[in-house]
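Please examine the sequence and the three-dimensional model shown below. The paragraphs that follow proceed from the overall chain to individual residues.

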Amino acid sequence: MTNEELALKIKAGETELTSELWLQIEKFVRQQAFKFANGDAWSGHCSAAGITHEDLYCAGYFALGPAIEYFDIEKGAFLTVFGFFLKRAFYKEIGVRKSGKDWHSVQD
């Protein structure tokens, strides 16, 4: 099944398919986590927060649920939607958020 088919079935209540979807997209998550943690833009923030690419990879799993709930086949591919939620999870891990054009530290 495609990512889109799985996401729609999970959204419709077949939650047992979540692990199958994760297995299909986990390589994407691993690649994105590595790029985020080691890229010029965010590597300093990751280091300062003590966050590794493995931490980001784990956080990626928690982005899956909200992405599935938000997903609408009419609006595009699942990985496009998931990518948005994945970055949000990464930002949360390093403790930043965006408001308008500005980035802010998140204080717990």
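What percentage of the 108 residues in the protein chain do buried residues make up? In this predicted model, the buried share of the 108 residues is 35%. The accessible surface of the protein chain amounts to about 6,800 Å², and carbon and sulfur atoms contribute 53% of that surface.

The secondary structure consists of five helices and two strands. Followed along the sequence, these elements occur in the pattern α-α-α-α-α-β-β. The C-alpha trace spans about 40 × 30 × 25 Å along its principal axes. The radius of gyration of the protein chain is 15 Å, which agrees with the value near 13 Å that a compact globule of 108 residues would have. Among the contacts with a separation of 6 or more, 51% are between residues 24 or more positions apart.

The charged side chains may be considered next. The protein chain carries 12 positive and 15 negative side chains, and a distance of 7 Å lies between the centres of these two sets.

Attention now turns to the aromatic rings. Counting ring pairs whose centres lie within 6.5 Å gives twelve aromatic pairs. One of them joins Trp22 and Tyr61 in an edge-to-face arrangement, with 5.1 Å from centre to centre and 80 degrees between the planes. This pair links distant parts of the chain, as Trp22 belongs to helix α2 and Tyr61 to helix α4 (residues 53–70), 39 residues apart. Trp22 counts as buried because its relative accessibility of 12% falls under the 20% limit. Tyr61, with a relative accessible area of 38%, is partly exposed. Tyr61 also pairs with Phe62: the ring centres are 6.0 Å apart and the planes stand at 90 degrees, so this pair is edge-to-face. Phe62 is itself exposed, its relative accessible area being 67%. Ring pairs link Trp22, Tyr61 and Phe62, together with Tyr57, into a cluster.

Where does Gly13 lie? Gly13 is found in the loop between α1 (3–11) and α2 (18–38). Its relative accessibility is 45%, and Gly13 therefore counts as partly exposed. Between the C-alpha atoms of Gly13 and Gln31, which are 18 residues apart along the chain, the separation is 29 Å.

Methods
Residues are numbered from 1 along each chain as its sequence is written. This is a predicted model: local features need pLDDT of at least 70, side-chain atom pairs count only at pLDDT 80 or more; totals for chains, interfaces and linings use all residues. Side-chain values use heavy atoms; hydrogens and water are left out. Helices (H or I, at least four residues) and strands (E, at least two) are DSSP runs, numbered from the N terminus. Buried means under 20% relative accessible area, exposed over 50%, partly exposed in between (1.4 Å probe, protein chains only). The radius of gyration is taken over C-alpha atoms; the globule rule is 2.2 Å times the number of residues to the power 0.38. Contact means heavy atoms within 4.5 Å. Accessible areas come from the Shrake-Rupley method with a 1.4 Å probe; for residues, only the protein chains shown count as cover. Lys and Arg count as positive and Asp and Glu as negative; His and the chain ends are not counted. The place of a charge is taken as NZ of Lys, CZ of Arg, CG of Asp or CD of Glu. Rings of Phe, Tyr and Trp (its six-membered ring) pair if their centres lie within 6.5 Å; planes under 30 degrees apart count as stacked, over 60 as edge-to-face and the rest as tilted.
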